[in-house]
Amino acid sequence: QQLRLTQLKKKKGLSARDRKLIKKYGSLEAAEKAAAIREEEEKAREAKRAPKNSSREDDSVSTGNDNSSKATNNKRGKKTKMKKLAQKYADQDEEDRILAMQALQGGEKKSSGAKKGKGRYGGSIRESSAQQKVAADTNALLIRDVAAIAEKLPQEVYDALSACVTVKKVENNDEERAVVRWDKFDADILEQLIDLGSLETQLAATKRLHDLVRSTRVDNFSASLAGIIRTIKKYGHENLADDDTGDVGAKQRKTKAEKMAEKEAWREVLAEDGIIEVDGDNDGGPIDDTAEIGKLTGKPLPDDVILYAIPVCAPYQILSQYKYRVKLTPGSQKRGKASKQCIEMFLRSDSDQSNSGTSHQYRELIKLVGENEWVQSICGDVKISAPGASKAAKKQKAGKKGGKKKK
């Protein structure tokens, strides 16, 4: 300390660190005393901590010369984490830790360390008696024999419940064999059925499930039986036992016979309307609904009964035989304006050709087509190319100018 004071006196001024220490402790001597006290306290803490975590913290405690180990072990939060682990597992030894990890992860992987002669957690490959006991207890908790639990039920309940899950299995020699699928039930649900107590209550629940199996398709037997048990616990089994037919108004799945009958009825309706022809050779085939498309025509005859008009857009060669047609090419005219011009051309061309009753009917049907249908049938901005298209455009412009003058 005296040497440091003499060095400070030789210097012309104080450094920034010295000024901070003087400001905090009052003088440099007081700051050095405080630093020495802190170092002694840290050494005392390290001495107390060393015996408790000697096995896990030998690598982290190093001398002043071992700077590389300090750099690798001083990770952020690692010291606090190791401290919490030491407090949490203070009473656990290495064997207990290995058993706990095996119980959590379902045992060790024998193939990973078979060549080296060691297991995953440093133990031998051969399982000890304690490990085998832990594995057996774990399997007993997770895997339960449903058939063994079902045998605890009374004989009447057992027979009725087995009838619900009995299926026919075809063997290699084409012989059918009845198999009881107890795996369709959960062990917990059967224990709840046993806990109902009285034989009458158990029979009521089992008969109700049997009625459901007969009346509709049951996908989840455990869920259905659990719902019946909850209903019995809440409302009793007296009213449930009398209900043999089930809920008539409930929505049920259609059987294959019902679907076929519905399909045949629909085919008869289509045959009456003339859409399809019912032949014995074509039963069950796809329904041909192209007859409706055949009712559409672009060149109506005088004897035809016209119901309505439909605007269509197609290649011009396909529409060459249509009575009312115009040619659309890419242009700058909007669809709404183009549709109005098309209507005006159709009406004017029809009035120039003839004034018969059929032409008057066609004009009226064209006028009934909505503007939205015209716009949707035209694709993009267009230019109308047809005889008299320029006259129709001039007439449309003249109408607009006349309307503005009147205003």
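Student: At what angle do helix 9 and helix 11 pack?

Tutor: Keep in mind that this is a predicted model. The axes of helix 9 and helix 11 lie 9 Å apart. The angle at which the two pack is about 15 degrees.

Student: Then how would you describe helix 9 relative to helix 11?

Tutor: Angles under 35 degrees count as roughly parallel. With an angle of about 15 degrees, helix 9 is therefore, relative to helix 11, roughly parallel.

Student: Is the crossing of helix 9 and helix 11 left-handed or right-handed?

Tutor: Helix 9 brings Glu-156, Val-157, Ala-160, Leu-161, Ala-163 and Cys-164 to the contact, and helix 11 brings residues including Leu-203, Thr-206 and His-210. By class, that contact has nine nonpolar, three polar and one charged residues. As for its hand, the crossing of helix 9 and helix 11 is left-handed.

Student: What about helix 11 and helix 12: at what angle do their axes cross, and which word describes the pair?

Tutor: These axes come within 10 Å and cross at roughly 135 degrees. Roughly antiparallel would need an angle over 145, and roughly perpendicular runs from 65 to 115. The crossing is right-handed. So at roughly 135 degrees, the word for helix 11 and helix 12 is oblique.

Student: Which residues of helix 12 meet helix 11?

Tutor: On the helix 11 side, look for Thr-201, Ala-205, Arg-208, Leu-209, Leu-212 and Val-213. The contact as a whole has eight nonpolar, two polar and one charged residues. Across from helix 11, the residues of helix 12 are Phe-221, Ser-224, Leu-225, Ile-228 and Ile-232.

Student: Why do the buried residues of helix 10 line one face? And which helices are among those covering them?

Tutor: The buried residues here are Ala-187, Ile-189, Leu-190 and Leu-193. Looking down the axis of helix 10, they fall within an arc of 160 degrees, so they line one face of the helix. What covers them includes helix 8, helix 9, helix 11 and helix 12.

Student: Over in helix 16, is Ser-339 buried or exposed, and which residues does Ser-339 touch?

Tutor: Ser-339 sits in helix 16, residues 335-353. Buried means under 20% relative accessible area, and Ser-339 has 1%, so it is buried. Leaving out residues up to four places away in sequence, Ser-339 touches Trp-374, Val-375 and Ile-378.

Student: Zooming out, what share of the protein's residues is buried?

Tutor: The protein has 19 helices and four strands. Of its 407 residues, the buried share is 21%.

Terms used:
Residues are numbered from 1 along each chain as its sequence is written. This is a predicted model: local features need pLDDT of at least 70, side-chain atom pairs count only at pLDDT 80 or more; totals for chains, interfaces and linings use all residues. Side-chain values use heavy atoms; hydrogens and water are left out. Buried means under 20% relative accessible area, exposed over 50%, partly exposed in between (1.4 Å probe, protein chains only). The arc is that of the directions from the helix axis to the C-beta atoms. Contact means heavy atoms within 4.5 Å. Axes are lines fitted to C-alpha atoms, for helices over the stretch in contact, and angles run from 0 to 180 degrees between N-to-C directions. A crossing is left-handed if the near helix is turned anticlockwise from the far one by less than a right angle, and right-handed if clockwise. Ala, Val, Leu, Ile, Met, Phe, Trp, Tyr, Cys and Pro count as nonpolar, Asp, Glu, Lys and Arg as charged, and the others, Gly among them, as polar.
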